[in-house]
Amino acid sequence: MSVPIIELRPSQFEVVRGSAQLYASRIGGTCALAISDPTHGVGGLLHWLLPAEESDPERAERTPALFAESGIRALLEAYRTAGGTIDHAHLALVGGASLRGAGALDLGSRNLLAARRTLDLLGLKIHAEAVGGVFAREIRLDLPTGRFLIRELPLGKP
Amino acid sequence: MKDIRRILERVRDLPPAPIVMSQVVRMVDEPDVGAAELVKVIEKDVGVVANLLRVCNTPQYAGTRRVATLQEAINRLGTRTLLQLVVLGETHSFLKQELKGYGYSSGDLWWHSLGVAEASRLLAQAIHHENAALAFTGGLLHDLGKIVLDVFLAGEQREIRRLISEGASLSEAESLVLGVEHAELGARVAEHWQFPESLCGTIRFHHQPFAAPNGVDLAALVHLGDALTHWLGIGLGGPGLASQFDPRVLDHLGIESGEVDRLLILLSERIDQSNSELAA
């Protein structure tokens, strides 16, 4: 039987216990955070859009995956509910590509800052990351193995 | 460096634009377009009419009653919205193609172009620009040059990627390796197709809006629209975010930097809506 492939667009997250492939592509200035616990066969992927929810707490309540902090908290809660543990957790952070010249306005840099601040706050450690630069990326999280596959989108196809 | 003459010859050898598309694109630049004038152009092509009526009856545009004729469609949506729908329908076939040189899968450039079109219109509406339809069309066609340049990128990607990794923008890397960049080439295609001068200028200067000799506004709207779309990752392909952003466009357009996140949410919602319309 084929494994379900679930694509997460910006503002979406999913947690699965069992077999599945969670996938986010065309990650530009947005960010994706993957978490997996291979021991318990649980994993999740969050693809968020914006760093700060202060400007719109109502929207963060309705769509937590829109923002870094509310998204990471929602992902963790669903992960724990599905049986994932922090002790066995592996985390990967992907994205936050920058637009040159954008300075303080740059979405990618602001998203990465928000991710690190939130993860520090929650006492979580990143095990793998591919962040910054200008190229787009994608991440696949294979479950229940918990294997991450991260790549930059190539310029040109064979 | 590739022979730039061969690239420019490719533009000159392009067939003329489909007649409805070229007439409708010219109409976008006109301040007032009468319903009768629009019907006269569109009704010549049964395929265009059928596609237009189909789109008018999708949930995004449908009212309580189905639209069955062009006149009903105009009554419901108005000439400006209808013009934009015709341009969308007419450009879909060439914007949706796979561009192997750039690493765009089939549909990537279409989604990126639609994203920039929606973003440019959103920004134009936010600043009460006089012609949001023209901003939309400029956004939709801003990367026209990539369609022609794509084939010439074959075998050059490694060098282009190296230049980008060292700090060049995609346009700078294209100029260094191929002798011409996609914005200039796109403007030449638009000129070849006799599109309005305002549109050709928008395409040519979408990466350098303050160099536009005949008005900065439209190029600035598309420049900022392109940035928002890149950040969101809409139709993002191999070149990624390798553009140089000019933050002065915010001041020029009178948009506060604090407004950018709200615009990103709005744009993301509009694109999700288009996505579900097409999936329906």
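A few notes on conventions come next. This is a predicted model, in which local features need pLDDT of at least 70 and side-chain atom pairs count only at pLDDT 80 or more, while totals for chains, interfaces and linings use all residues. Residues are numbered from 1 along each chain as its sequence is written, chains are lettered from A and ligands numbered from 1 in the order in which they are written, and side-chain values use heavy atoms, with hydrogens and water left out.

**Salt bridges**

Over all chains, the structure holds 19 salt bridges, each defined as a side-chain nitrogen of Lys or Arg within 4 Å of a carboxyl oxygen of Asp or Glu.

For accessibility, buried means under 20% relative accessible area, exposed over 50%, and partly exposed in between (1.4 Å probe, protein chains only). Asp261(B) is buried at 15%, whereas Arg110(A) is partly exposed at 22%. In the chain B pair, Glu166(B) is exposed at 59% and Arg162(B) partly exposed at 38%. Arg188(B), partly exposed at 34%, also belongs to a salt-bridge network with Glu184(B), Glu191(B) and Arg204(B).

**The sheet in chain A**

Now to the strands, which pair if DSSP finds at least two bridges between them. Five strands of chain A make an open sheet of mixed pairing, in the order S2-S5-S4-S6-S7. S2 (12-17) and S7 (128-131) of chain A are the edge strands, each with a single partner, so one side of each has no neighbour in the sheet. Within this sheet, S4 (residues 31-37) and S5 (residues 42-48) of chain A are antiparallel and share seven bridges; Leu33(A) has Leu46(A) in S5(A) as its bridge partner.

**A hairpin**

S8 (residues 137-143) and S9 (residues 147-152) of chain A run antiparallel, joined by six bridges. Ile139(A) is opposite Ile150(A) in S9(A). Three residues lie between the two strands of this hairpin, and Gly146(A) in the turn has a positive phi of about 80°.

Notes
Helix = DSSP H or I, 4+ residues; strand = E, 2+ residues; numbered from the N terminus.
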